Amino acid sequence: MAKVIKLRKGLDINLKGKAALETVTVECPGEYALVPDDFTGLKPKVVVKEGDSVKVGDALFVDKLHPEVNFVSPVSGTVSLVERGDRRKLLSVRVKPDGKQEARQFNVKGDVKALLVESGLFAFFRQRPYDVVANPEDKPKAIFVSAFNSMPLSQDFEYALKGQEKEFQAGLDALSRIAKVYLGISPKQTSPVLTAAKNCEVTVFDGPAPAGNVGVQINHISPINKGEVVWTMGAEEVIFVGRLMLTGKVDLTRLVAVAGSEVKKPAYARVLVGQKLTTLLNGQIDASKSLRIINGNVMTGLKTTQDGFLGAHATEVNVIPEGDHADEFMGWIAPRFNTFSTHRSYFSWLLGKKKEYVMDARIKGGERHMIMSGEYDKVFPMDIYAGYLVKAIIAGDIDRQEALGIYEVAPEDFAIAEFVDSSKLELQRIVREGLDILRKENA
Amino acid sequence: MKSLRKFFDNIKPYVEEGGKFHALRSLVDGFETFAFVPNQTSRVGSVNIHDAIDSKRIMSLVVIALMPALLFGMYNVGYQNYAAAGTLANASFWELFGFGFLAVLPKIIVSYVVGLGIEFVVAQWKGEEIQEGFLVSGILIPMIIPVNTPLWMLAIAVAFSVILAKEIFGGTGMNVFNPALVTRAFLFFSYPSVMTGDDNVWVAQSTIFGLGNNLPDTYAAATPLGNAALGQPLADQCAAITGLIPGAIGETSVIAIALGAILLLWTGVASWKTMISVFVGGGLTAALFHATGSSPLTWCDQIVLGGFCFGAVFMATDPVTSARTEGGKYIYGFLIGVVAVMVRVLNPGFPEGMMLAILLMNIFAPLIDYFFVQSNINKRAKRAIK
């Protein structure tokens, strides 16, 4: 029987527009793109030219610091655009598909790490500390995989796992040849592929969001100390590894949840990494409204447009109202019955946990200094003083950040705290910037 | 509502950077965010949805929680005046309340005008939004001073505390001391004669617009705590609980304060850990002093008298100046209670100790937190060595 860790701190946010457990087919877009910014901390170097033809698994760009790490094309076709922005920063490499999905064949015998580096799947590893792309020269203490996402409107991994059970286990087997693998699952997940997964240590995390965050799970199983490195990988990306191990081919097909209150029929779609979002959202949203399309989860994803491309790590696309013309009158004193809040001065505590809310993207207040105490701690299920850590980051005090445990956190771990913060501080951005500075200092 | 929205949209260009009336930006901004929830949406890279709670609502809640104590305080100001003149039997409820209202209102206005005026100027100067912290301080200040405090003194004290206790530290959220208590401390040490002294400060002495009674100059009414300092036991515990005793405007009624406490605890604005600990600390210390014969007051008397309840509910729980770690809140609150009663009993110069106790613990709050945070740091360091 797997070990159960009960978490009390946290908050489940019940949003309207959860994806129904059915898969709709979407048409193939005219263009795919791989976006280097999806791989945090990467310095990309393009290795293709416009007009080159590529197969699935051929490198589009590599890591400048570790040129052996490939970032590969999800489709076969021709490179249509190498998009650059200010100061020639690489924004994306776009590929026009030829519809054949010809894939490069890899030799799966031999060293797993070398195979993953070569086939581009290594790019899906993230490392702690810093929450950036992993360094192939490191020897990680362990590899952590969280098989569930506790954030609102997120993908149900058990649904995505259907039909991919063999691949998932093959992926875990491969990862276990690099380092010890820990799999975190939710008590609601009953699939024997998860509860009885082999070649890994399964732990059940019972609690509200962010229990599904791999960072929270690391903190409870084997917290990171200074000098140690841990790798993490998304559960669906483990399936990518499994497919490669079983077939020798790269297949970056995901089951993405298209969800949110503004999606007409929230459901799942089987798409490739880098899919143009137009094909996912066509007919699903009312383009005349002011909407916020989020590449990824509503709590952690980035705002994008219909012309954006599905992020490398994104397991869902969420659409909510932007709310920039809401003009709510005297909100500071009005009862606001339909508004969700953890605070008892609103009435959502009366309406029960089953009520689904429509929330827009407004901040709903002005940014202040940290005033209330203990707000973050209530939703931060780690043995870390979140408020003090954030203050140390704002103050730029690196020694204190280290002492308070910055190596154990990622911006996403602060998502719920940022949601409840009455001072409206941008915690995820603060933590991201803090990690970037620290990484530069320690380099 | 629509026309109001239009009005703000129309005047906005004038107050923005480079506009004709740029000097009024913070003022317009303050009123706009007062009227409408800001329409600003979250930036790329931060969480896309937010809880509806903001500091405006939290501060407003505290103000609402203070209302029972304030309204009762107004009534009590009238009650004390009429009782002193011996005309209580002839006066109606509205006469008592009306007199108190007229006596207290100027203090509230002065406190808000001076304090918020400074806040507006600072917000304009720093290019920030107006911080709501003073909404609470501004109403707390008139409630913790004697009714006879001259308005000019109040104005100076408010200006002193807003500038030197709050703004120079960086504004709401950065201050070390509770600004309302600094105001009171400033008055207390600069003008002791009107804050304690001859015992003629607690009851309004003259008529206002024909209401109330003129009392003789020699009239004096000591607070029960003042009497206790002279060794007299509490005469009427019932009056001390309902609040019909002389004292600072808002602090006398335990019942009115309890109503506010219920709202603050239910909404989680105030920490129950701090609040309960103050009572436990104060109660135990008072019981000890009573048992050893140092004080004629029982633990129960100590708690219901003076500013103990008011301080425990509204001042000690100020999240900015109190301990910020959950464990620290117990210690912080407990020591406030202990020190408050110790000052009352052991120091003959100060019949009331709550203000000094809270200000003292404001200094020590970061130290208390330090031990809790440091234990977390040590645990992490130890783990790394293993």
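Colleague: What does the domain assignment of chain A give?
Modeller: Chain A gets domain 1 (3-13 + 30-247) and domain 2 (377-442); bounds of this kind come from an automatic or database domain assignment. This is a predicted model, where local features need pLDDT of at least 70, side-chain atom pairs count only at pLDDT 80 or more, and totals for chains, interfaces and linings use all residues. Residues are numbered from 1 along each chain as its sequence is written, with chains lettered from A and ligands numbered from 1 in the order in which they are written.

Colleague: How far apart are the C-alpha centres of domain 1 and domain 2 of chain A?
Modeller: Those centres lie 24 Å apart. The contact between the two takes 24 residues from domain 1 of chain A and 20 residues from domain 2 of chain A; residues are in contact if their C-beta atoms, placed from the backbone, lie within 7 Å.

Colleague: Which helix gives the most to the domain 1 side?
Modeller: That's helix α5 (residues 214-221) of chain A, with 4 residues. Helices here are DSSP runs (H or I, at least four residues), strands are too (E, at least two), and they are numbered from the N terminus.

Colleague: And by class, what does that side of domain 1 have?
Modeller: On the side touching domain 2 of chain A, domain 1 of chain A has 14 nonpolar, 6 polar and 4 charged residues. Ala, Val, Leu, Ile, Met, Phe, Trp, Tyr, Cys and Pro count as nonpolar, Asp, Glu, Lys and Arg as charged, and the others, Gly among them, as polar.

Colleague: Switching to chain B, what are its domains?
Modeller: The assignment for chain B gives domain 1 (2-35) and domain 2 (57-214 + 223-369). Their C-alpha centres lie 36 Å apart, and the contact takes 7 residues from domain 1 of chain B and 5 residues from domain 2 of chain B.

Colleague: How many residues of chain B are in contact with chain A?
Modeller: 49 residues of chain B are in contact with 65 residues of chain A. On the chain B side, the elements giving two or more residues are α2 (25-35), α3 (55-85), α11 (254-267) and α16 (354-385) of chain B. By class, that side has 19 nonpolar, 19 polar and 11 charged residues.

Colleague: Back to chain A, what's the strand order in the open sheet of 6 strands?
Modeller: The order is β2-β17-β16-β20-β18-β19 (chain A), with mixed pairing; strands pair if DSSP finds at least two bridges between them. At the edges are β2 (23-24) and β19 (302-304) of chain A, each pairing on one side only.

Colleague: What does β18(A) pair with?
Modeller: Strand β18 (residues 291-295) of chain A pairs with β19(A) in the antiparallel sense over 3 bridges, and with strand β20 (residues 316-321) of chain A, also antiparallel, over 5 bridges. Asn295(A) has bridge partner Leu302(A) in β19(A) and Val317(A) in β20(A). β18(A) and β19(A) form a hairpin with 6 residues between them, and Gly296(A) in the turn has a positive phi of about 110 degrees.

Colleague: Is β18(A) buried or exposed?
Modeller: 5 of the 5 residues of β18(A) are buried, so the strand is largely enclosed by the rest of the structure. Buried means 20 or more other C-beta atoms within 10 Å of the residue's own, with C-beta atoms placed from the backbone.

Colleague: Which residues point which way from β18(A)?
Modeller: Leu291(A), Ile293(A) and Asn295(A) point one way, with Arg292(A) and Ile294(A) pointing the other way.

Definitions and conventions:
A residue is buried if 20 or more other C-beta atoms lie within 10 Å of its own, exposed if 12 or fewer, and partly exposed in between; C-beta atoms are placed from the backbone.
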